[in-house]
Every structure is written in C-alpha cells, then in structure tokens.
Amino acid sequence: MRLRSLRQERGISLAKLAGLTFYTKGYLSKVENGEKPLTLAVARACDDALKTEGLLERVVLEDNDSQDQNNGEPLEECPYRGLSAYGPDDARWFFGRERDTAALVSLLGEHLESESPGLLMLVAPSGAGKSSLLRAGLLPALAQGVLPRPECANWPVVLLTPGEHPVEELLSRVSEASGASRPLLAQALQQSPESFASAVREYAVAGRSPADPAPAGKPGSGAPRAVLVVDQFEESFTLCESEDERSSFIQALHALATAHEPAHNPGPPAGLVVLGIRADFYGQCLAHPGLLAAARYGHVPLGPMTTAQLRDAITKPAEEAGLEVEPGLVEILLRDAGAVTDGPHDATARPGVLPLVSHALLATWQQREGKTLAVAGYRTTGGISGAVAATAEHVYTALPPARQPVARRLLLHLVRIGDTGETSHRMERQRLLAREADPQATAEVLEAFAGARLLTVGAAGHAGHVELAHEALLEAWPRLRAWIDEDRAGLRTRQLVLEAAETWERDGRDKELLYRGTRLAAAREWADAPVHRAGLGPAVQAFLDAGAEHEAADQRGKRRRARRLRVLLSCLTALSCIALGAFGIARLDPADGQRGNRPTDFVRVAAGASDAQPSSATSYTVTRYGYQGTFSEGSHVMDAPWKESFAVAAKRTIWHAWPGSGGWQPMPHNGWADDITGVYQEKNGSRRMVEVWVAHSNSYWCSESPGDGAWGRWRNCT
C-alpha cells in the first residue's frame, strides 16, 4: 500500500500518523492493509501530515478516473459541481458565461495597453457564479493566451482568497507562482508597497532575486507581468480583523496594478489584478482610495444568468459528458429557477439560485436512469428548492445520534457571525478538529458531509482547509438556519472565545491575553450551559480555567493590598492625632491665644497655674519654697523637674527661685530684645537646661546649669 511506504520512508509510526490526522490507529491500519478504502478526505489528511505535496490525493483521483471503487465498473464523471465552484480543471463543463468571460478578458486587454491602473473588480451578488467565472472561465482563457500579447500565456498567474491573514496569503501565493523568495518579498513589502511591486516585477521580468543586479536597459511596456486573481475579496473584510493588515493588503494590490513613479524604479505596472467581490461589500471597497479608481475604470458587474445562459449551463455539460436530458426537465428547471420569459427581454434567474440549480443537477445525475437525466429523478431529489436541504438532512440523520451534536458544532465552526449577517468561514482542517473534545468523531462527520459535497476540503490553493461548499447552504438548509437563529448571540460568543483561546495558545499562553472582568464572566456563563459544555475543546477549557485562576489571584492580591492599606491608614490616623495634639499644645500662646511657630515639643504653662494667686487685676502672686513673688499678668509659671520653679515676667526677664536662694532672683541675659512668650525646663542627669521662646523674632534661647544654682551665658538655640 502506498500509504504505508510513504509513512515508513519518513520514519513516522502509525500511532504518530493517527495523532497528526485525527484518524484512529486501527482505521489507518485497515486503510494500509486494503481493508478500508483510501478516501479523498483521508488522502488529503495524510498528504498534509506526511508533506507529500498531494501525492496520495492524486493516486485516489487517478483510481477514480479508471475504476469505480465499489463494483469495478468504469466510473462516469458528473459534469455538475453541486454547491462547489467550478475550478480550472472543470473548464470543459463550464458553460453559460462565455460572453461574461470575453468581456472580462477584453477589459484586461484594454488595461494592458493603456495607462489606466491594471486593477479590475468583478462585482456580483452571492450565488451569481463569480468564483466559477474567475476560476473556470478567466484562468483557462489566460492560459490559452487570449490577451493581446502572445507572451501573456507564459506570465505567472496567482490565484488566492484572502482568508484571515491576507498579507501572508499574498506573499505565499506570489512566491509559489513566481519562484520569488518569500522573505525578500516580505522585506520589500515592509519597506513600501511600491518596493513590493518592484520586486514582483523583477521576478516576472527575469525570474531572479531582487537582490541580484538589475538587467541592462529600462523595462519597456512589453515587459512580463504577474496576473493576480483574488477570489472572494470580501474575506478581507469578514475574516481579517486587523485594519492595518487589510490596508497593507489593499495597498500592495494597488501598487502591483499601478505604474511606478520615478522614485521607485520607473516602469509599467508589475501586474494585472482582478478582484472578485460580493456586491454587498462594494461600499466598503469604495472607502479605500486604492480601490476607488478601479471602481471608476475597471468595474465589471455580473448579474444572474439569463434564460439562455442557464439553458446552456444545464444542457451543454450533459452533452459534453454524453448524457441525455429528458424532454421537459430543462423547462421545469428554468421555471423553478425563476427564469421564465415574460415580455420582450430575456428573463433572468432569481438571485443566488445558480448553486442550487447546480446541486439539483448533481442530485438528479445521482438518480439518473442509465445515461438519462430524468424528470422523475429530479423530483425525487426535491427540486431546486429542496435538493440541498434533502441532501444535508439525509447526511445528518444518517449519522449515529451521538455524532449529530458533533455535526452541529462542526458546521457552526464554519459559519462566521458578523454584525451584518453570516458568511462562510474557511478553516485549517487540523485547527478545526482540535477545537473539539473528540477529534476522531469530528473527522468522521467531516468526511460524511464532504462526501456529499456539502463541504469542500482542500480547495484550490488551500490544501488542508475546510469550508462550506457554498454560502447558499446557510439559507437552503432549514436546520442549519435554525441553529444559527436560535442562538446567534451564543454563537458570536463562542466564535470570539475560540479565537481568543487559539491566539493565547499560539502566543505561548501569555497571561496578558486572558479574559478578565465582564468578558470572562460572559464567556464562563456561556461555557457553563449544558449545550455548550459538551463541545468545549481542551484549548478553550484551559483558556477559561487560566482566566478564572488569574482573576482569583488578582482578587486575592487586591484584598491583601486593601487590608494593608486599611492598617496603614489606621496607623497614620493615630500618629496624626498624636502629632496634632502635641503640635496644638506646643503652639498655643497663653498671652494672646494665637499659635506660634515654636517647636512641637515646647511646653508652656498659662498664668495662674499651680498655686499662683492673682493679687490684683494686673498681677499674680507665686510662692515657692517660702519665697513669695508678685508678677505681672501674662507671666508664665513652671515647676522644674528638679523641684525648682521659674517665673517669666510678661516682658523680658526670667525670675528664678530655688531652695536656699533667699528669694526670687532675676537671671540676666544678653540675647533677646523682645517679650518672652514661653519657657521650657528639662533635666538630663545632673545637667539642667532652660529654654526661652521669643515669638516676635521667631527664636529661642537656652542656658545650662551644672546643678549648683549657677547658670551659663544665654545662647541662641534656634
């Protein structure tokens, strides 16, 4: 078996391959032994894991072309693609849009020969077939050399869809198509869009690195260019969340399609750019100056198919495949599609019906009678309005009951809930499976819907990706529509939580990316609902758990800081009260009731304290140690710590009495020249000190005594 040999060549065990593909080891063992068929979905998953560049997928397709897997009979290929867009390999089945393809090619030719920006916008409503026109109409025409210059057939052609990271997609696709160095392209784009365009043009001209010397001569108007086709350009608005990346992408496209100024290596545009845009995003395109000129000079509208076009789209693929169409079937299809002639003008099908017609024809082909597409088979499918719903419902109800909730979650992962509606959301297969708690069950459901062509796995340019076959499925299948409508807010929450969890995981579980506060509360409330809890993948569970743990630690820290702050405030309050009390006592002035600026530890005693008795309205009598003295009103009296007293006169004299002094003695001074307003006495061992506060001069004076009644000279102690 080819799978076994490829696996062994790369030194990968069966168990490791099972982990990479999300298929069980037993299932892959049966595939290797031939007990199970190698389906297209399994082949693509193994190709992606083993990095075989699509080898197994090509093996499966070659086997399908030669022999039916079930009975060994030749396999007939269905000429209808169902909900999927026609690709470059389906050009022989693509009919009905020949005139539109020619108009697009003609406009490209005009831009090629003129000085106008080489950027075109193909604008169409959803379901009109713009992707098929670009892929199965324009690209094969360019490969045939239909542009005015014969060498155009050899120009590198790049097909891409923007996805979530359009700049990364642009760099990868241009590098693959032209052989350019991706790091050098990225460096050039970082410098400026014009530098990027110059780099792409140099690759197109000489197939060389921008770091190599430029070829001699100035590139002329006949220089090769790259052709860049961007399908589903609206994804740059619906899937890309970075405004900076979106702007950079659009500026790069505009630079590719615009002639360079002299400052940027003058020459013709580096490429022709064609954008396929859904009509309801046309207004958002006009907000970008780089697209405004394209809307003015390169606008190509695409409407629904006319009756004649739709008839060709039905009958000519059948003729090409050797099938017959039963009379009456075409008329029924046209009627159901709303393309009924009424008046002088050719009628058009109703908007968005084309993928439904294609799927109804696919389902009718599956019900064919020999080589005939019959009316009875068409009616069995449910017709245009019911074929998609019937197919989807059949796949869903055929799943085991335990798999049906998995199918619901899987399909809703592929729907992008926006502010204005829903769109298809392309995802990497492994990333999609990793979102579920049971990846193996999810892989089995994915294969079932892909087998019915309701999902597309590994579309052109997106190997390993999964998406809805067409956005028409969002409206055509009532069950899916009901899932979206019944819990739109919950789906939006799930979408945001899943993306946040994946970003957190990808960035090394950076705690700064965790949810907090109301966002975390809303996410946990959503996750706690029984309908959501079963489908939580390990990444989301770990993300929410880490957020809750981080917030709990945050709250504990806040509580600790609050407790410390309360203790600190209490201590500060107590200290402030003590300090204010001491300050108030120290500063109180008994003479005039006003506060001075003396130190906070200065002590004063108001007149009349102790046993001082007023002898008149203007004097006080103080007796100490049998000595009586009369002092004026406003004097200060204090008992010394060593049992001596001082009386301070209202003016500038200090009176001193002590045992054996013979009476009150004045203490001469030679310092202050103003009235004394306070006195302070202290004792430290045998050392004694007297301090005097003079408020008028904002100073205090001190004198010391060894304890024998003698005092030293007064000095300024301020």
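In what order do the three strands of the open sheet lie, and is their pairing parallel or antiparallel? Before I answer, please keep in mind that what we are looking at is a predicted model. The order is β10-β12-β11, and the pairing is antiparallel. The two edge strands are β10, at residues 427-428, and β11, at residues 455-457, each of which pairs on one side only. If you follow β11 to its partner, you will find that three bridges join it to β12, which covers residues 465-468, with the two strands running antiparallel. Within that pair, Val457 stands opposite Val466 of β12.

Let me turn to the helices, starting with α8, which spans residues 166-178 and so has 13 residues. From its first C-alpha to its last, α8 reaches 18 Å, which is close to the 18 Å expected at 1.5 Å a residue. Its buried residues are Pro166, Val167, Glu169, Leu170, Leu171, Arg173, Val174 and Ser175, and just after the helix comes Gly179, which takes a positive phi of about 80°.

Is each of them buried or exposed? Glu53 counts as exposed, because its relative accessibility is 73%, whereas Gln232 is buried, because its relative accessible area is 19% and the cut-off for buried is under 20%.

Thr381, for its part, lies in helix α18, which takes in residues 375-381. At 8% relative accessibility, Thr381 counts as buried. Leaving aside residues up to four places away in sequence, Thr381 touches Ala363, Thr364, Gln367, Gly386, Ala387 and Ala390.

Which residues make the nonpolar surface patch of about 590 Å²? They are Leu565, Leu568, Leu569, Leu572, Leu575 and Ile578. Leu565 itself is described as partly exposed, because its relative accessible area is 47%, a value that falls between the cut-offs of 20% for buried and 50% for exposed.

Notes
Residues are numbered from 1 along each chain as its sequence is written. This is a predicted model: local features need pLDDT of at least 70, side-chain atom pairs count only at pLDDT 80 or more; totals for chains, interfaces and linings use all residues. Side-chain values use heavy atoms; hydrogens and water are left out. Patches are made of residues with over 30% relative accessible area and no salt bridge: like charges are joined within 9 Å, nonpolar side chains (Val, Leu, Ile, Met, Phe, Trp, Tyr) within 5 Å. Accessible areas come from the Shrake-Rupley method with a 1.4 Å probe; for residues, only the protein chains shown count as cover. A salt bridge is a side-chain nitrogen of Lys or Arg within 4 Å of a carboxyl oxygen of Asp or Glu. Buried means under 20% relative accessible area, exposed over 50%, partly exposed in between (1.4 Å probe, protein chains only). Helices (H or I, at least four residues) and strands (E, at least two) are DSSP runs, numbered from the N terminus. Contact means heavy atoms within 4.5 Å. Two strands pair if DSSP finds at least two bridges between them.
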